[in-house]
Protein chains: 2
Amino acid sequence: MRTVYCGQVTSEYEGQEIDLVGWVNRRRDLGGVIFIDLRDREGIVQVVFDPDREDSFAIANTLRNEFCVKLRGKVRPRPQGQINKDMITGKIEVLGLELEILNRSAPVPLDSNQENSEELRLKYRYIDLRRPEMTQRLMFRSKVTSFIRRYMDDHGFLDIETPILTKATPEGARDYLVPSRTNRGKFFALPQSPQLFKQLLMVAGMDRYYQIVKCFRDEDLRADRQPEFTQVDIETSFMTSEEVREVTEALLRNLFNQLLNVELGDFPIMTWHEAMRLYGSDKPDLRNPMQFIDVADLLKDVEFKVFAGPANDPKGRVAMLCVPGGAQLSRKQLDEYTKYIGKYGAKGMAWMKINDVNAGAEGVQSPVAKFLTTEIIESLIKRANAQSGDILLFGADSYNVVCDAIGALRLKVGEDLGLVEQCWKPLWVVDFPMFEEADGRLWAMHHPFTAPIPGVTAQQLRENPANVLSNAYDVVLNGFEIGGGSVRIHQQEMQSAAFEVLGISEEEAQDKFGFLLQALQFGAPPHAGLALGLDRLVMLMTGAANIREVMAFPKTTTAGCPLTDAPSVANPEVLKELGIAVTVKDNNDA
Amino acid sequence: MRTVYCGQVTSEYEGQEIDLVGWVNRRRDLGGVIFIDLRDREGIVQVVFDPDREDSFAIANTLRNEFCVKLRGKVRPRPQGQINKDMITGKIEVLGLELEILNRSAPVPLDSNQENSEELRLKYRYIDLRRPEMTQRLMFRSKVTSFIRRYMDDHGFLDIETPILTKATPEGARDYLVPSRTNRGKFFALPQSPQLFKQLLMVAGMDRYYQIVKCFRDEDLRADRQPEFTQVDIETSFMTSEEVREVTEALLRNLFNQLLNVELGDFPIMTWHEAMRLYGSDKPDLRNPMQFIDVADLLKDVEFKVFAGPANDPKGRVAMLCVPGGAQLSRKQLDEYTKYIGKYGAKGMAWMKINDVNAGAEGVQSPVAKFLTTEIIESLIKRANAQSGDILLFGADSYNVVCDAIGALRLKVGEDLGLVEQCWKPLWVVDFPMFEEADGRLWAMHHPFTAPIPGVTAQQLRENPANVLSNAYDVVLNGFEIGGGSVRIHQQEMQSAAFEVLGISEEEAQDKFGFLLQALQFGAPPHAGLALGLDRLVMLMTGAANIREVMAFPKTTTAGCPLTDAPSVANPEVLKELGIAVTVKDNNDA
């Protein structure tokens with residue numbers, strides 16, 4: 001129906017008659033002439049209707065916003081004063097010759113002049129997506145998936161589909177269940193990831209697998225989680241962790257280069273311990289220049305218990321941030337930061353303004369200065385390499401609380417004071433502990449199929465599990481974990497040792513992962529893989545505020561869909577056929 | 001770890017030392033030397049271990065089938081008598097220098113010398129997929145999806161993901177339900193297709209959409225159905241049905257050309273009525289040369305009620321097939337065919353062997369000849385253009401039974417007598433009736449959003465629905481419907497008329513599809529689309545016997561997975577949290 005998309009009518013069409021289809025983005029009547037901004041997914045073009053062409057003018061006169069129209073028009077240069085250099089179509093306009101209304105539109109329920117509530121935007125998503133910003137995000141996402149697919153394909157990776165109706169997966173979050181009708185009383189689970197299937201594909205000899213695949217987690221949704229999300233899932237045989245990282249890094253480098261014209265460069269590699277030491281986080285945002293400065297050794301002997309307690313506790317941590325220019329922070333701002341880190345478990349926040357670094361302990365202003373000797377204050381300033389006008393912010397608590405609280409504070413203060421560089425800072429975090437302790441037992445930090453670093457034997461794993469590092473790797477970009485993976489265990493003895501350490505009985509292991517254990521008996525190859533979070537990656541690349549902005553039809557934070565009204569009440573006949581019954585009266589009953 | 005895949009070691013590597021990884025496909029000991037066929041996903045290469053290299057020979061001696069190994073070896077030409085021209089690697093062999101066992105294998109539970117049961121193959125799918133035939137099918141499938149994606153991408157189609165957790169869809173089959181935990185007592189449904197979402201994407205102005213997407217139907221599984229299957233889903237705005245067919249046809253033509261080196265040529269277009277008339281089927285296999293020959297007019301006045309009844313009934317049909325060389329069929333074979341069409345509702349099968357066409361009615365042999373006049377017999381022979389040695393097979397019953405029974409008979413006899421040409425015969429079937437009658441009411445032949453052919457008004461639809469043709473099209477290949485689609489209704493008045501004809505009340509329409517009806521109010525563009533069944537397409541292209549052979553992890557015909565043992569019993573705690581309970585004691589309780 002069209003000669004060209006509205007957004008692509010440039011001067012090269014001047015003098016030509018063209019056909020366009022699209023939506024009325026705006027109508028203006030000026031000096032007896034009607035101007036229509038006609039919009040399609042590629043952009044907007046200006047169409048002019050003159051009163052001397054009576055037929056089309058009369059129709060144009062009935063146009064309202066979001067009418068869908070078809071028109072024939074002649075492309076001509078815009079009058080001098082009207083040229084818009086910011087628009088691709090800004091040098092021309094289209095003189096409307098023939099006009100047909102393909103469909104009328106009721107007044108749209110979204111206000112283009114103000115922020116609409118997310119509920120309303122999701123209810124009328126098909127209108128919300130017409131906004132050029134939203135259209136462009138979906139178009140960009142399509143480019144990203146297309147690029148990734150071509151890249152993987154060109155590098156020998158096979159696109160293989162894995163089941164959506166499957167068995168409960170061991171990722172730890174809740175599974176969505178699907179009652180079976182042909183096996184009543186039994187349930188499928190929607191996969192949290194194709195982890196076990198991709199490992200089985202390696203056992204099957206597929207060598208290199210990838211899939212852009214939906215995954216499902218029935219979690220309590222935080223701001224940036226969705227019940228279904230999309231993963232770029234990768235698995236390879238016979239590759240080391242270094243090789244998997246190389247493949248992934250090259251993919252991301254090429255993606256950013258081709259689609260954003262950004263050079264990511266080589267990704268630095270940081271151990272998990274180093275990341276925790278310097279940033280208190282396993283996904284540090286390296287755009288922020290501040291690092292943790294540990295000072296427990298300096299504060300072991302002070303009388304101030306808030307410092308001395310954690311400083312002498314092997315499970316404690318005392319660390320500070322030196323905030324450039326932070327001495328300007330008001331008491332009120334500091335109180336707000338104290339409140340902020342309270343959310344992360346911190347009981348308070350000591351601070352020390354360095355008003356004049358040359359004046360030593362005399363030049364500082366701090367509620368805690370009175371508890372510290374001159375020598376200690378000067379040692380703190382020296383270790384921080386602080387300058388006049390900086391502030392030192394202290395965290396002293398258990399190791400985890402200090403990491404969480406000061407880590408969060410680092411990001412917030414960095415953002416507030418404009419310390420964050422506008423750039424892309426990727427890195428690899430490696431050498432995670434294999435297990436973490438909680439509730440008096442050990443848990444797999446990644447998943448129970450993660451291999452230890454090379455050289456660790458099954459016996460060593462059994463004997464000293466807490467000290468074993470895993471051969472896992474996370475890829476982090478600007479403070480977001482955009483992907484993670486590991487070398488997998490491919491030998492049964494090691495897998496049994498891992499289950500043993502995790503307190504998973506032989507019986508439980510057989511019940512849950514028996515098919516994987518069995519597969520390891522039949523010449524399973526060494527294999528490793530990784531998964532990238534596509535939604536988050538696209539969110540970062542488009543600068544969107546959250547992943548819902550880069551999904552066509554996301555759910556709300558209560559996992560509902562205002563558009564279709566899903567989930568909804570089921571037909572009792574259907575439930576009967578499935579052999580299940582609803583046991584609650586309403587949403588909030590127990 | 002490897003220099004090259006096993007299956008790609010050609011003469012160009014002669015004289016080089018290479019590294020290989022793979023699985024022991026077969027081991028032979030001949031004249032003190034060990035021959036290993038080493039296999040990976042690309043193929044097989046012959047490796048030789050000489051006893052004079054003691055270390056590697058000793059390890060080679062412990063190798064068993066399906067051990068996973070790594071080796072270094074030197075490529076050399078095979079001795080003259082051992083060259084295998086059918087193998088890519090058939091001119092060379094690899095002299096093993098170093099050998100490492102990466103993983104051992106227990107004896108595999110699948111027998112390579114005989115057909116294994118499908119249950120066993122699915123239980124050990126990771127071993128079954130190692131068979132070169134299976135590996136190649138999955139690799140081919142990956143090529144197909146890759147080709148389709150590039151093609152769609154290069155033609156301006158956006159890859160946009162639609163939700164898997166959604167509302168019950170109106171396709172007619174049963175939905176899989178997913179209980180919601182955050183909205184207890186309510187359920188999501190897994191989509192039978194993204195139909196409504198892709199229409200909404202058109203309303204949103206995305207213009208051209210495609211997605212290779214999982215769809216779900218909780219149906220009683222026939223041999224060639226799966227609970228989850230994959231669709232190449234396409235939707236476009238502002239395109240006519242002809243243009244959608246052109247895009248699809250070009251995609252398929254290019255796909256077959258690039259991947260199979262087959263020229264499909266232009267697809268013939270056949271109306272639904274013509275297809276039913278000539279083949280008794282809306283998915284005719286054009287490789288089979290036989291067509292239905294209607295003879296009701298000739299048999300209206302015979303005394304033989306079996307013929308005269310349906311011949312005089314407006315809802316009846318009397319048709320025959322002329323089977324070339326069919327006079328050779330024995331009485332027993334004919335009895336079997338009679339039994340066969342009984343499954344399709346036919347109460348019997350009249351036949352007439354044409355032993356000598358020149359002898360007219362004298363030259364035929366038929367149990368029904370005695371009921372027919374010489375003139376009628378000769379008219380039948382003439383209309384069939386029968387030759388000596390042919391047989392005429394008759395169907396006389398209701399229109400539907402004759403179509404089904406004689407349609408099935410046509411395929412079976414064609415197959416049995418080798419009448420089916422080995423080739424590719426695609427076609428479009430168009431101009432379907434908009435509605436079909438059953439149980440005293442009208443049903444949408446495609447789905448309720450299908451538009452009538454151009455020119456039909458909402459009023460005409462209301463007044464004479466039974467005669468309205470829909471603007472739908474199916475693409476058929478070798479007797480399989482590989483895809484189908486339609487122009488959609490984009491105006492509310494037409495959609496209301498369609499619902500009215502279908503007996504869907506305003507209230508029901510609002511409840512089920514309210515969001516689509518609402519979307520049509522806001523400048524919905526004219527739009528049309530199509531979906532291809534990827535599994536079936538790949539099945540046909542690979543010559544596989546059923547779609548399970550082209551899926552990595554299919555379900556059994558009772559929708560179970562022998563590999564993971566899904567579906568399985570759910571944890572009662574989890575069910576409680578979901579607010580549901582199982583009401584059946586075991587699988588077969590009501």
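Strand E23 (residues 568-569) of chain A pairs with strand E8 (residues 186-189) of chain B in the antiparallel sense, over two bridges. Within this pairing, Ser568(A) stands opposite Phe187(B) in E8(B). The model is predicted.

**The interface of chain A and chain B**

- In chain A, 121 residues are in contact with 121 residues of chain B.
- The two chains bury about 10,500 Å² between them, and 57% of this area lies on carbon and sulfur atoms.
- The rule finds 14 salt bridges across the interface. One of the salt bridges joins Arg150(A) to Asp154(B), with the closest N and O atoms 2.9 Å apart.
- Helix H4 (residues 132-154) of chain A gives the most to the side of chain A that touches chain B, with eleven residues.
- By class, that side of chain A has 63 nonpolar, 28 polar and 30 charged residues.

**Strand E2 of chain B**

- Eight of the eight residues of strand E2 (residues 33-40) of chain B are buried, so the strand is largely enclosed by the rest of the structure.
- Val33(B), Phe35(B), Asp37(B) and Arg39(B) point one way from E2(B), while Ile34(B), Ile36(B), Leu38(B) and Asp40(B) point the other way.

**Partners of strand E2 in chain B**

- Strand E1 (residues 17-30) of chain B pairs with E2(B) in the antiparallel sense over seven bridges, and Trp23(B) has Arg39(B) as its bridge partner in E2(B).
- The hairpin of E1(B) and E2(B) has two residues between the strands, and Gly31(B) takes a positive phi near 55° there.
- Strand E3 (residues 43-49) of chain B runs antiparallel to E2(B), joined by seven bridges, and Leu38(B) stands opposite Val45(B) in E3(B).
- A hairpin of two residues joins E2(B) to E3(B).

How values were computed:
Residues are numbered from 1 along each chain as its sequence is written. Chains are lettered from A and ligands numbered from 1 in the order in which they are written. This is a predicted model: local features need pLDDT of at least 70, side-chain atom pairs count only at pLDDT 80 or more; totals for chains, interfaces and linings use all residues. Side-chain values use heavy atoms; hydrogens and water are left out. Contact means heavy atoms within 4.5 Å. Buried area is the accessible area (1.4 Å probe) that two parts lose on being put together, summed over both. A salt bridge is a side-chain nitrogen of Lys or Arg within 4 Å of a carboxyl oxygen of Asp or Glu. Helices (H or I, at least four residues) and strands (E, at least two) are DSSP runs, numbered from the N terminus. Ala, Val, Leu, Ile, Met, Phe, Trp, Tyr, Cys and Pro count as nonpolar, Asp, Glu, Lys and Arg as charged, and the others, Gly among them, as polar. Two strands pair if DSSP finds at least two bridges between them. Buried means under 20% relative accessible area, exposed over 50%, partly exposed in between (1.4 Å probe, protein chains only).
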